[in-house]
Amino acid sequence: MARQLSRIMRPDDANIAGNVHGGTILKMIEEAGAIISTRHCNSQEGEACVAALARVERTDFLSPMCIGEVANVSAEITYTSRHSVEVQVNVMSENILTGAKKLTNKATLWYVPLSLKNVNKVLEVPPIQYARKEQEDEGKKRYEEQKLDRLETKQRNGDVMLPVINPEPHTVGYSQSSLIHLVGPSDCTLLGFVHGGVTMKLMDEVAGIVAARHCKTNIVTASVDAINFHEKIKKGCVITVSGRMTFTSNKSMEIEVFVDADPFVDEPRERYRAVSAFFTYVSLSKEGKPLPVPQLLTETEDEKRRFEEGKGRYLQTKAKRQAQMQQAAQQ
Amino acid sequence: MARQLSRIMRPDDANIAGNVHGGTILKMIEEAGAIISTRHCNSQEGEACVAALARVERTDFLSPMCIGEVANVSAEITYTSRHSVEVQVNVMSENILTGAKKLTNKATLWYVPLSLKNVNKVLEVPPIQYARKEQEDEGKKRYEEQKLDRLETKQRNGDVMLPVINPEPHTVGYSQSSLIHLVGPSDCTLLGFVHGGVTMKLMDEVAGIVAARHCKTNIVTASVDAINFHEKIKKGCVITVSGRMTFTSNKSMEIEVFVDADPFVDEPRERYRAVSAFFTYVSLSKEGKPLPVPQLLTETEDEKRRFEEGKGRYLQTKAKRQAQMQQAAQQ
Amino acid sequence: MARQLSRIMRPDDANIAGNVHGGTILKMIEEAGAIISTRHCNSQEGEACVAALARVERTDFLSPMCIGEVANVSAEITYTSRHSVEVQVNVMSENILTGAKKLTNKATLWYVPLSLKNVNKVLEVPPIQYARKEQEDEGKKRYEEQKLDRLETKQRNGDVMLPVINPEPHTVGYSQSSLIHLVGPSDCTLLGFVHGGVTMKLMDEVAGIVAARHCKTNIVTASVDAINFHEKIKKGCVITVSGRMTFTSNKSMEIEVFVDADPFVDEPRERYRAVSAFFTYVSLSKEGKPLPVPQLLTETEDEKRRFEEGKGRYLQTKAKRQAQMQQAAQQ
């Protein structure tokens, strides 16, 4: 059931230091996931459908990928609920000159099948066979957890990024950035909605600009928080992708990114929040070593609160990682 | 000495109504100009150079181009001064199914040859031969006029677009927009500077979003004012392209667009204004007929002043066009 | 009747050594061919049509093209049968700094006009005028030859590439590769079918990855065998492009590439083989000199058989080339 997708990394996939953008990798991951889950959902008799991305679990970027290397992306369906599909995607970078291979990412994505005739209708997913009963039980647990998290994050979404006039260096206002993008045909699936991967690529682009504005060095994506896709974005919309720094540790920066959609032509609807997530970036020296990051200066009460929340996420992730390493060492 | 360049227009070159973006056409015009002028400037013994875009004269979009049509772009050198080259570019749209051809644009571009070894050194241009003495005299007159205009516009550049919180519909703040773009390798010439055509495409994209936000209908580029390229933009920069509406007539909108460059990585330099220009857009019905445009609501003194200046440009262009039509009728 | 198409080669058109991908060139060749043949087939009164690529004759890549050079692609119709058009395309690389021009490719393509209203209906082609009677006779001979060859290759198509676990270096399994691509709107013609040039570009990309995995050096396309387009590929399909090495000589590698289409949404149809072809690659040193190639290790009976078949093609091409050189020397 596994699928593989390979592509050579080109200059436009990377920053000027030659490191492939995290967004390029996220886009390939999502394409592999969309193909395998759409194929699975159409494998039985019944209404034709397209799998739409609903959520990406937290993902670490384990090692950098460079121009000229081949990205090998493989995808596998690991769980199905009545209306959703869980896909596990692995990315390996391969230096085809030396033959060296490295694991770059392990990602988990959730898709929902939407009818080709009626995009508001969610279809049923054909069940998969599990080799062992525990696989189904573990999948069910992951399914319940993500369902809860999606509900929670939906409530956080009233926030708006306000502009700042003449900001000081290292403040939140100094590095905050936003871009607008007119959704074109190549950004969209057969249903006329933006591919989740296209959205994630733009989010990573904005996060990277925020990080670079803050520390003025070569920066790379270290991890992405769980991303929930609350609402579909239609062809012809203008999307505004905004990023602001929320937290800095000694060697990392956390950036919050929002995606707002404006269905501006021939649509009565107001602007809405479609996606939001946290990206973590690190700063690298010319030799690829992590550099210290200038501390973020917080000014308003909201900025101070967000900094503390970011610190909480940072410490939690750190603790989790240490526990995993201890566990691994004991085995 | 004329050159031709042809390309089929694809869905990604156009808006959802199927009209090819003005920016796509400007990019093709500039590529044709860059090829012919770089070739000319290297046609004699001496230092190798790349022609850099310095200015585009005012250009009208005479008829729309659609997906599936072939754009035929032809370029010719019409004047050379000691350090600059004037190129005349014509664009024809061709429906290869019916054979129908239409003139879409007539554009005039000025290029300056920069040394491949030292990008700050402007080289000498080999003179061209004129069929008639008047051609040289007319060219010289155009050369002096554009030189004066470039000097003048360089002084207008202190202006900055300020953000507005919760703006009312049809105000300047309501539709103003900006995008950021990280300059990648494929955006650049051999010298590592952004192609003028890439910059113009982004400028048209922002202007189009401003126009669509104002009138919420299908919009197309009607004309572009003279564009002066004050400063080069280097690979690795982040550019901010900002647009705001300055004037509306009954059936057209004028949008001012700035390009600011941030040389943010490993560069001591401050943000600088690289390019600015005015774009005029019209709103079209589903049948392709011009629609009335909601009047722009001006609030501040600056907005009122810019509205009056825009009105001045509008009336001047209108008078010029009427004079040309009368002249044509008398011939 | 000749047409020209010019474009500057950018970083994304090339590999890390700066050599433009064969696939980029094949894509430009096909676009020039599609424009001239679609225009010709619509030059008479009657049903509107789009020319679909049916076959590309064997093509040699005579000299490399580099970033910053201009590709000049010119096309001419050289023969018409009742239902097909033969187009001859030449590609010249031009260094616009030195003025040096080199012939890169001479390609021959066959197109078939499909009705815009009914894509399964092949229309009649308006006849062209020949300057000399022999031109028509020679064209007819080429037409009959390709017709025969297309019939033959259609039968070869049952083959499938199986994955190999832990392969040894220099075996077939070690370098075999595949990529999957979801066909988007910009990949397609007005009829909603993939442009032949898009398919060829993906085929060259896979062949290049196979060649680089085998010899771990800078590699370039040396030639492409005749490519037959057996079946159209529709928008929304997923295509799987697979490549495996079939033969190595001292200084060249032959790679077989398949394109399989999966009409996975809304189509009851099974996966089908759309295109297949052989690509020949050479390995280059940093100075651009051909390097020896590690010999391919064949393991199974099928691999040994394919190696012998590849050897046959290699010796035949070599003999043909020597005969041409002798002929040229005698003239």
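Visitor: How many salt bridges are there between chain C and chain A?

Guide: The count is two. A salt bridge here is a side-chain nitrogen of Lys or Arg within 4 Å of a carboxyl oxygen of Asp or Glu. This is a predicted model, where local features need pLDDT of at least 70, side-chain atom pairs count only at pLDDT 80 or more, and totals for chains, interfaces and linings use all residues. Residues are numbered from 1 along each chain as its sequence is written, chains are lettered from A and ligands numbered from 1 in the order in which they are written, and side-chain values use heavy atoms, leaving out hydrogens and water.

Visitor: Which side chains meet in a salt bridge, with 3.6 Å from N to O?

Guide: Those of Asp262(C) and Arg39(A). Side chains of opposite charge can pair when their charged atoms come close.

Visitor: What is the area buried between chain C and chain A?

Guide: About 2400 Å², with carbon and sulfur atoms giving 62%. Buried area means the accessible area (1.4 Å probe) that two parts lose on being put together, summed over both. In chain C, Asp12(C), Ile180(C) and Phe264(C) lose the most area to chain A, together 25% of what that side buries.

Visitor: And how many residues of chain C are in contact with chain A?

Guide: 24 residues of chain C are in contact with 30 residues of chain A. Contact means heavy atoms within 4.5 Å.

Visitor: New topic. Where is Val220(C)?

Guide: In strand S8 of chain C, residues 218-224. Helices (H or I, at least four residues) and strands (E, at least two) are DSSP runs, numbered from the N terminus.

Visitor: Is Val220(C) buried or exposed?

Guide: Val220(C) is buried, because its relative accessible area is 16%. The cut-offs: buried is under 20% relative accessible area, exposed is over 50%, and partly exposed is in between (1.4 Å probe, protein chains only). Five of the seven residues in S8(C) are buried.

Visitor: What does Val220(C) touch?

Guide: Leaving out residues up to four places away in sequence, Val220(C) touches Asn15(C), Asn19(C), Thr280(C), Tyr281(C), Val282(C) and Leu284(C).

Visitor: How many bridges join S8(C) to S12(C)?

Guide: Six, and the two strands run antiparallel. Two strands pair if DSSP finds at least two bridges between them. Thr221(C) has Tyr281(C) in S12(C) as its bridge partner. Strand S3 of chain C, residues 59-60, also runs antiparallel to S8(C), joined by two bridges. There, Thr59(C) stands opposite Val224(C).

Visitor: Now helix H5 of chain C. How many residues?

Guide: H5(C) has 30 residues, 301-330. From first C-alpha to last, H5(C) reaches 44 Å, close to the 44 Å expected at 1.5 Å a residue. That expected span is 1.5 Å times one less than the number of residues.

Visitor: Which residues in H5(C) are buried?

Guide: Glu303(C), Arg306(C), Phe307(C), Gly310(C) and Arg313(C). Their cover includes helix H3 (172-175) and strands S10 (238-248), S11 (253-262) and S12 (272-284) of chain C.

Visitor: Back to salt bridges. How many over all chains?

Guide: The structure holds 60. One of them joins Arg82(B) and Glu124(B), whose closest N and O atoms are 2.7 Å apart. Those two are 42 residues apart, each in a loop of chain B. Arg82(B) counts as exposed because its relative accessible area is 57%.

Visitor: And Asp13(C) with Arg7(C): buried or exposed?

Guide: Both are buried. Their side chains meet in a salt bridge of 3.3 Å, N to O.
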